[in-house]
Amino acid sequence: LVAFLLVGQTVRRWFESDIQLRAHLAVAGSREALMAQWTRDPDTTAALRKALDDIARDDRVTAVAACDLNLSVLAATAAYPDYLSCRFVEARMRPREAAGPEDWAEWSATEPSGHGALHVMSIPLRGAEPDRATYGFIVLVHDLDYVERRVTTARNFLLAGFVLLAV
């Protein structure tokens, strides 16, 4: 029983680490394109939304949003949940109440939804050295249904292995 639970926790942690790594790679790979379109100009909003759609093409990314320094959504993919507002996410990125955008830290958590659990991660979007100015942040939403399916599969294999050993 302990091994059964341990396998589930370990597999879940592996997948969450994988999700976070993929989120970093997606934002890092799109950073230049995102920053080039980072305005409220209607002409560039469509291009920013396209860059977010490109990030969301990953099988595991459900939705993406770009939030500016005023905590407004600059652009979001169609499936981005309304309840994950920029203000909601930013409050979790601050290390302390009085912190400004330069102090924002990455944040990730598992949030419930009507369709199952979601993994939400926000990553500050900062410019290049030397100033590292903060433009805003990117919020990536991952559906955790596939993780639960993988955990169940791993547990079933473990159970089958115990049954085979017992025979």
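Helices and strands are DSSP runs, numbered from the N terminus.

**Figure 1. Order of the elements in the predicted model.** The chain contains four helices and five strands. Read from the N terminus, its elements follow the order α-α-β-β-α-β-β-β-α. Buried residues make up 39% of the 167 residues of the chain. Of the contacts between residues at least 6 apart in sequence, 59% join residues at least 24 apart. The chain has an accessible surface of about 9,400 Å², and carbon and sulfur atoms account for 57% of that surface.

**Figure 2. The aromatic pair of Phe88 and Trp107.** This is one of two aromatic pairs in the structure. The ring centres of Phe88 and Trp107 are 6.4 Å apart and the planes stand at 80°, so the pair is edge-to-face. Phe88 is partly exposed, at a relative accessible area of 22%. Trp107, at 13%, is buried, because buried means under 20% relative accessible area.

**Figure 3. Arg92 over the face of Phe88.** Arg92 lies 3.6 Å from the centre of the Phe88 ring. The ring of Phe88 is also paired with that of Trp107.

**Figure 4. The aromatic pair of Trp104 and Phe137.** Here the ring centres are 5.1 Å apart and the planes are at 90°; the pair is therefore edge-to-face, as planes over 60 degrees apart count as such. Trp104 sits in the loop between α3 and β3, and Phe137 in strand β5 (residues 134–143). The two residues are 33 residues apart, and their pair links distant parts of the chain. Both Trp104 and Phe137 are buried.

Terms used: Residues are numbered from 1 along each chain as its sequence is written. This is a predicted model: local features need pLDDT of at least 70, side-chain atom pairs count only at pLDDT 80 or more; totals for chains, interfaces and linings use all residues. Side-chain values use heavy atoms; hydrogens and water are left out. Rings of Phe, Tyr and Trp (its six-membered ring) pair if their centres lie within 6.5 Å; planes under 30 degrees apart count as stacked, over 60 as edge-to-face and the rest as tilted. Buried means under 20% relative accessible area, exposed over 50%, partly exposed in between (1.4 Å probe, protein chains only). A charge sits over a ring if NZ of Lys or CZ of Arg is within 6 Å of the ring centre and within 35 degrees of the ring normal. Contact means heavy atoms within 4.5 Å. Accessible areas come from the Shrake-Rupley method with a 1.4 Å probe; for residues, only the protein chains shown count as cover.
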